[in-house]
Amino acid sequence: MKKHNIIAMALTSLMALPVIAQDSTPAVGDILQGINMFTPEEGDPAYKVKANEKYGTQWGVDMAYGLWNTEKVSDVKRHNNLALLHAQLNQRLIEDKANGGTWLRVEFSGSWGLDRESAQSDTFFTEAYATASGLHADAMGPHEGIFPEVALMQYFAGKRACLIAGMVNLTNYFDAVSIANDSFSSFTNDGFVNSTILPLVDSNIGGILQVELNRNNYMMVAVSRTGCDSGYNPFNSDYCDGYAVVGEYGHIFADGAATLRINPFYTSTDVDMDDGTGERRRQNAGLVASIEYTPCDPLTIYSRAGFA
């Protein structure tokens, strides 16, 4: 299939709180706050300036418009004219300044065809670039509006640990390279957003445990079902016939300018065999590593490698 005439425009990160300069010396809990939260943690002087911040409301919105033309083998021309939306909300339910509190996390994502010729659903924007992965990729979803994540987030141990449970989106936490895991990158190739090897599923029931070991090291582990596709009911066992275990060890060095991430994983799923012999349990394990380095504010370099 030939692809041409690709146009993408985006407006991203409309945050409830402006970014401010902070002390370069990390505080306890800064690593987990940086992974999970959208605005500075409680205790920051800029926090609770407005009413929504006073009550612990944090949000971010990405919007985009995309148009591409395709020419199929049958010479039937078609275009996809899409509007896309991705929104996230953190709402504090219980305030606990010493430990970080209890939060509700909600994520909404979708794409909509703007004319009859455009696909109205099941359309992943990056398919225009012939990507190898069909993952949700943490940005514009393949359905007409889905909730990739609805989960509770509980901090404890003086902000050094956090437990997230519910319908989770693993792409929000694992392999989250700062310059790659955003909506702009997903317009070019979803492999730039998250590793296509890691089983980072969304819309499935699971849990994540995060521990900040010290100011330069952290660890995470997640257990999640894998069989529920985006937009389906994760409580329906007919769709959920597999699970995944994903870990991450992160090391921050070069005075905070560089991060090394190592992700081991294991999956177990039931696969329908083509020879008509029914289902077979398929197991898979592997290791992924990524490194990013920011030599100066306008430039970040990163690389990924992995095997399964």
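Student: Where is Ala157 placed?
Tutor: Helices (H or I, at least four residues) and strands (E, at least two) are DSSP runs, numbered from the N terminus. Ala157 is in the loop between strand S5 (146-156) and strand S6 (161-168).

Student: What pLDDT do side-chain atom pairs need to count?
Tutor: Residues are numbered from 1 along each chain as its sequence is written, and side-chain values use heavy atoms, with hydrogens and water left out. This is a predicted model, where totals for chains, interfaces and linings use all residues, local features need pLDDT of at least 70, and side-chain atom pairs count only at pLDDT 80 or more.

Student: What is phi of Ala254 near?
Tutor: Ala254 sits in the loop between strand S9 (243-253) and strand S10 (258-272). Its phi is positive, in a residue other than glycine, and lies near 55°.

Student: How many disulfides does a search of the whole structure find?
Tutor: A disulfide is a pair of cysteine sulfur atoms within 2.5 Å. Searching the whole structure for such pairs gives a count of zero.

Student: Which strand gives the most to the nonpolar patch?
Tutor: Nonpolar side chains (Val, Leu, Ile, Met, Phe, Trp, Tyr) are joined within 5 Å, like charges within 9 Å. This patch covers about 870 Å², with Leu209, Val211 and Val221 among its residues. Two strands give two or more residues, S7 (204-214) and S8 (217-225), but the most, three, come from S7.

Student: How many residues has the largest nonpolar core?
Tutor: A nonpolar core is a set of buried Ala, Val, Leu, Ile, Met, Phe, Trp, Tyr and Cys residues joined through side-chain atoms within 4.5 Å. Helix H1 (30-36), S5, S6, S8 and S9 each give two or more residues to this core. Met153, Tyr155 and Val246 are among those with the most contacts inside it, and its size is 24 residues.

Note on methods:
Patches are made of residues with over 30% relative accessible area and no salt bridge: like charges are joined within 9 Å, nonpolar side chains (Val, Leu, Ile, Met, Phe, Trp, Tyr) within 5 Å. Accessible areas come from the Shrake-Rupley method with a 1.4 Å probe; for residues, only the protein chains shown count as cover. A salt bridge is a side-chain nitrogen of Lys or Arg within 4 Å of a carboxyl oxygen of Asp or Glu. Buried means under 20% relative accessible area, exposed over 50%, partly exposed in between (1.4 Å probe, protein chains only).
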